[in-house]
Amino acid sequence: MREVRLFNSYGNKMETFVPIKEGEVSFYVCGPTVYNDPHIGNFRPVIVFDAWRRLFERIGYKVTFVSNYTDVDDKIINRAKELGISESELTESVIKSFAGLVEQVGSRLPDITPRPTVYMNEMISYIGDLVDNGTAYAAPNGDVYFKVGAVDHYGELSGNTPEALNAGARIEVNDGKQSPLDFALWKKTQDGIKWETPWSEGRPGWHTECCVMINSIFKDQGGYIDIHGGGFDLKFPHHENEIAQSRAHNHNQLARYWLHNGFINIDNEKMSKSLGNVVLAKDVVAKYGGLPFRLMVLNTHYRAPLTFTEETIAEAEKNIAKISMALKATEIKLQLNGVELSSCKGDEENEFFDAMCDDLNTPNAISVLYAEIKAMNQLLRVREIDFPALSLSYGRVRDYLSTLGLNIPEVILDAEGKALYAEYNQAKANKDFESSDRLRAKLIEKGIF
């Protein structure tokens, strides 16, 4: 199995991937809070971590890929009130829309998509364990807080030391906190969906949800997984607080490797509601298509900032069209000469997988893809085609595209299509332009042209 190098945010260094279980990868990615239409920033991790998943699977690992939907949140409650619908109606609608977009951008749906509402008993029990072992406490107002000072190494992921965080911090009046760094595990509430507990009627804090779901899904690993991923903005406080809870509950740092993707900027400005430049994923997909957006995202290394402009997405759209044309021409030529597309295989030992296994260097991998497409086109254009070489080149291109998640549909010729294409070529050779135009229209109708 190939060696994979990745940049571990915990320690900020490149490391060689070593799985907890030989031949397997346990992978958890923080998913969306499902209260509104997602913007394109929400979809960078959807694409990036799907590419990681595909790479691990391609080189032989069995991957368990988990990504949650946060379906309990103040934003959900407020949005449902605005729309005059129930919270569950809102979340189900947004989840359905989100899942559809996931597939449209070429990503596969997770193996497991846990939701806090389904794991509420486990959350209440987990919080109770922390209260019992002294790392959490119930405040007089019915909230439950995690005691940050009760665990060592807080701040190691983000580089924020407790001393620095305490400087200038203050406890809000009637907050119930013992320290300004302590964070809520359970919140007493009067509004929206709520559950009864020994402390109060309320709902869990956001930082607890993923800890509990990882602990429940990967119980046989002691709530310890190979990779935890998410956007750079989640590093602090969300992921830092997850680690603190896992240290207190399971005496581990929740994940061996922490991966974080960079932000998406709009025309070199930060995307934000205050600037009025938020771009919705559904609008980009509707206008340009899911695969051009995916290619645009993968053209930039996942840890670097990505700038979305009309020019960058339009360029990606053109490149997807060029790739599609090259594939179609090759597929038609191979099939007309008796080559089954399923028999065309690539090879793993090449520069493409060298790049992908080097901290998912997709820009370099895409450069190798383009070079192979150029070589495939050159093989196609010679008078005497070397079909074994063309088959190998085509197999490589398809392999690279599959690993990147750029799955452009194959053009499959049936017997009628092959006969029609042969008749078209004969008409062209005979300079029978009326017949060739008529046959070309039929070929377009069948999707061959």
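In which sense do strand E6 (residues 144–146) and strand E7 (residues 183–188) pair, and over how many bridges?

Guide: E6 and E7 pair in the antiparallel sense, over three bridges. Helices (H or I, at least four residues) and strands (E, at least two) are DSSP runs, numbered from the N terminus. Two strands count as paired if DSSP finds at least two bridges between them.

First, the ground rules. The model is predicted: local features need pLDDT of at least 70, side-chain atom pairs count only at pLDDT 80 or more, and totals for chains, interfaces and linings use all residues. Residues are numbered from 1 along each chain as its sequence is written, and side-chain values use heavy atoms, with hydrogens and water left out.

Now widen the view from the pair. E6 and E7 belong to an open sheet of five strands, in the order E5-E6-E7-E9-E8, with antiparallel pairing. Strand E5 (136–138) and strand E8 (195–196) are the edges, each pairing on one side only. Strands of a sheet pair through backbone hydrogen bonds, either parallel or antiparallel.

Strand E1 (residues 5–8) and strand E2 (residues 13–16) are antiparallel over four bridges. Leu-6 has Glu-15 of E2 as its bridge partner. E1 and E2 form a hairpin with four residues between them, and Gly-11 in the turn takes a positive phi of about 110°.

Another open sheet has three strands, ordered E13-E12-E14, and its pairing is mixed. Its edges are strand E13 (269–270) and E14, each pairing on one side only. Strand E12 (residues 264–266) pairs with E13 in the antiparallel sense over two bridges. There, Asn-265 has Lys-270 of E13 as its bridge partner. Helix H1 (residues 40–58) packs on this sheet and touches E12 and E14. Contact means heavy atoms within 4.5 Å. The direction of H1 makes about 145° with that of E12. Axes are lines fitted to C-alpha atoms, for helices over the stretch in contact, and angles run from 0 to 180 degrees between N-to-C directions.

At 0% relative accessibility, Ile-47 counts as buried. Buried means under 20% relative accessible area, exposed over 50%, partly exposed in between (1.4 Å probe, protein chains only). Leaving out residues up to four places away in sequence, Ile-47 touches Val-105, Ser-107, Phe-293, Arg-294, Val-297 and Leu-298. Arg-294 lies 247 residues away along the chain, yet its C-alpha is 6.6 Å from that of Ile-47.

Next, helix against helix. Helix H4 (residues 120–132) and helix H7 (residues 235–250) pack at about 70°, with axes 10 Å apart. H4 and H7 are therefore roughly perpendicular to each other. The angle classes are: under 35 degrees roughly parallel, over 145 roughly antiparallel, 65 to 115 roughly perpendicular, and the rest oblique. Tyr-126, Asp-129 and Leu-130 of H4 meet Gln-245, Ser-246, Ala-248 and His-249 of H7. This contact has three nonpolar, three polar and one charged residue. Ala, Val, Leu, Ile, Met, Phe, Trp, Tyr, Cys and Pro count as nonpolar, Asp, Glu, Lys and Arg as charged, and the others, Gly among them, as polar.

Helix H2 (residues 74–83) and helix H3 (residues 87–104) pack at about 100°, with axes 9 Å apart. H2 and H3 are therefore roughly perpendicular too. H2 gives Ile-76, Ile-77, Arg-79, Ala-80 and Leu-83, while H3 gives Glu-87, Leu-90 and Thr-91. By class, that contact has five nonpolar, one polar and two charged residues.

One more helix. H10 (residues 310–336) has 27 residues and reaches 39 Å from first C-alpha to last, close to the 39 Å expected at 1.5 Å a residue. The expected span is 1.5 Å times one less than the number of residues. Its buried residues include Ile-313, Ile-320, Ile-323 and Leu-327. Their cover includes helix H8 (281–288), helix H9 (290–298) and strand E14 (306–308). Just after H10, Gly-338 takes a positive phi of about 80°.

Finally, the whole chain. It has 15 helices and 14 strands. Of its 449 residues, 53% count as buried. Its C-alpha trace spans about 90 × 50 × 40 Å along the principal axes. Among contacts between residues at least 6 apart in sequence, 76% join residues at least 24 apart.
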